[in-house]
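Work through the exercises below with the sequence and the model side by side. Try each task before reading its solution.

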Amino acid sequence: MSDTGTQVNIEASMPTVSPKTSAAEKAPTPSRDVIFEVRDVTVSYGSRPAIKNVTLDVFEHEITALIGPSGCGKSTFIRTFNRMNDLIPSARLEGTVTYRGADLYGRDVDPVEVRRRVGMVFQKPNPFPKSIYDNIAFGPRVNGFKGNLDEVVEGSLRKAALWDEVKGKLRDGAYGLSGGQQQRLCIARAIAVDPEVILMDEPCSALDPIATGRIEDLMRELQERFTIIIVTHNMQQAARVSDRTAFFTTEVESEENDFRSGKLVEYDLTETVFKNPSDPRTEDYVTGRFG
Ligand code: ADP
């Protein structure tokens, strides 16, 4: 138990770092299929590594949270899963990322197809300046979808728990929705192209607590159909919603210019990371002593 008085109140079910137990006593890992294998991945901007030598597996139908102090490379890392870093000219990836066993960065892999299968939702809701309907229909139309668009729009809005609120005003502009509704619209837009994975980069940071709660509930519903990876600076959120948590930190690379790069410190079941971490840096972070 921390005696610093700065303990973060993670919620009753997962509040504190308890006395250490051996690895053998930890909860067994549920047997789920691996969807992404990340092996020794370093992502650099120019010559500067933002994250170094990351190795981990992401499991299907889990919610994986990426946490750590600002600048430790969480956003850089989440963008490796749908090749969004390809759009940043200075970004370079070393190591391998496989998706269902295939090299995600292989020569014959089309990054546009990767982004269809691995959708993304950003920090600030970013609907298009179009109607609610056209926001959802946009992706299927671009992909040449020939089926029933009305069904896709309704189905996507239902999965994003927004249908009941918007079914009477599908032709209204998306900007008329509240921030929380706009974020669920963006989730529906991602769902409309039938992805397998949804990446969420701090999806609730612009939302109030009620809208945040709705997104968190929605994530739990979505995980039955999708695999979710979320960056969050909110540790309570990671503890509430995720199955597994990766804790990153920054390490000084060069004392001369205080250059830092991100490292993966610990990756485990969320309960273990918050209640019984194996690295003292994780313990300091989750108890609020650092960061
Ligand atoms: P986090 O999401 O944990 O705050 P980021 O991935 O945004 O961390 O940033 C990690 C490091 O990479 C930081 O030093 C940041 O300045 C740098 N960085 C991020 N994006 C770029 C970019 N587009 N060009 C150059 N450096 C970048």
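The exercises that follow concern a predicted model.

**Exercise 1. Confidence**

Task: Find the mean pLDDT of the chain, and find what the pLDDT is over residues 1-27.

Solution: Start with the whole chain. Its mean pLDDT is 89, and 88% of its residues reach 70 or more. Then turn to residues 1-27, where the pLDDT is below 50. This stretch still has 43 contacts in the model beyond near neighbours in sequence. Where pLDDT is low, predicted coordinates should not be read in detail.

**Exercise 2. The chain as a whole**

Task: State how many helices and strands the chain has, and what share of its residues is buried.

Solution: The secondary structure consists of 10 helices and 10 strands. Of the 291 residues in the chain, 41% are buried. A further step is to look at the contacts with a separation of 6 or more: 71% of them join residues 24 or more positions apart.

**Exercise 3. Around the ligand**

Task: List the residues around the ligand and sort them by type.

Solution: The list reads Tyr45, Ala50, Ser70, Gly71, Cys72, Gly73, Lys74, Ser75, Thr76, Ile88, Ser90 and Gly262. Sorted by type, the shell has four nonpolar residues, seven polar and one charged. Next, ask which element gives the largest share: helix H1 (residues 74-78) does, with three residues.

**Exercise 4. A strand and its partner**

Task: Are the residues of strand S6 (residues 118-121) buried or exposed, and which way do they point?

Solution: Val118 and Met120 point one way, while Gly119 and Val121 point the other way. All of them are buried. Now look for the partner: S6 is joined by four bridges to strand S7 (residues 197-201), and the two run parallel. Within this pair, methionine 120 stands opposite leucine 199 in S7.

**Exercise 5. The largest nonpolar core**

Task: Find which residues of the largest nonpolar core touch the most other members.

Solution: The core has 68 residues, and those that touch the most other members are Leu66, Ala188, Val197, Ile198, Leu199, Ile228 and Ile229. Helix H6 (residues 179-191) contributes the most to this core, six residues. Take isoleucine 229 as a case: leaving out residues up to four places away in sequence, isoleucine 229 touches Val58, Thr64, Leu66, Ile78, Phe81, Val197 and Leu199. In soluble globular proteins, nonpolar side chains tend to be buried together.

**Exercise 6. Threonine 55**

Task: Which residues does threonine 55 touch, not counting residues up to four places away in sequence?

Solution: First locate threonine 55, which lies in strand S2. Its contacts are Val38, Arg39 and Asp40. Glutamate 37 is 18 residues from threonine 55 in sequence, and the C-alpha to C-alpha distance is 7.7 Å. Threonine 55 counts as partly exposed because it has 13 C-beta neighbours inside 10 Å.

Technical notes
Residues are numbered from 1 along each chain as its sequence is written. This is a predicted model: local features need pLDDT of at least 70, side-chain atom pairs count only at pLDDT 80 or more; totals for chains, interfaces and linings use all residues. A residue is near a molecule or strand if its C-beta atom, placed from the backbone, lies within 6 Å of it. Ala, Val, Leu, Ile, Met, Phe, Trp, Tyr, Cys and Pro count as nonpolar, Asp, Glu, Lys and Arg as charged, and the others, Gly among them, as polar. pLDDT is the predictor's confidence in each residue, from 0 to 100. Two residues are in contact if their C-beta atoms, placed from the backbone, lie within 7 Å. A residue is buried if 20 or more other C-beta atoms lie within 10 Å of its own, exposed if 12 or fewer, and partly exposed in between; C-beta atoms are placed from the backbone. Two strands pair if DSSP finds at least two bridges between them. A nonpolar core is a set of buried Ala, Val, Leu, Ile, Met, Phe, Trp, Tyr and Cys residues joined through C-beta atoms within 7 Å.
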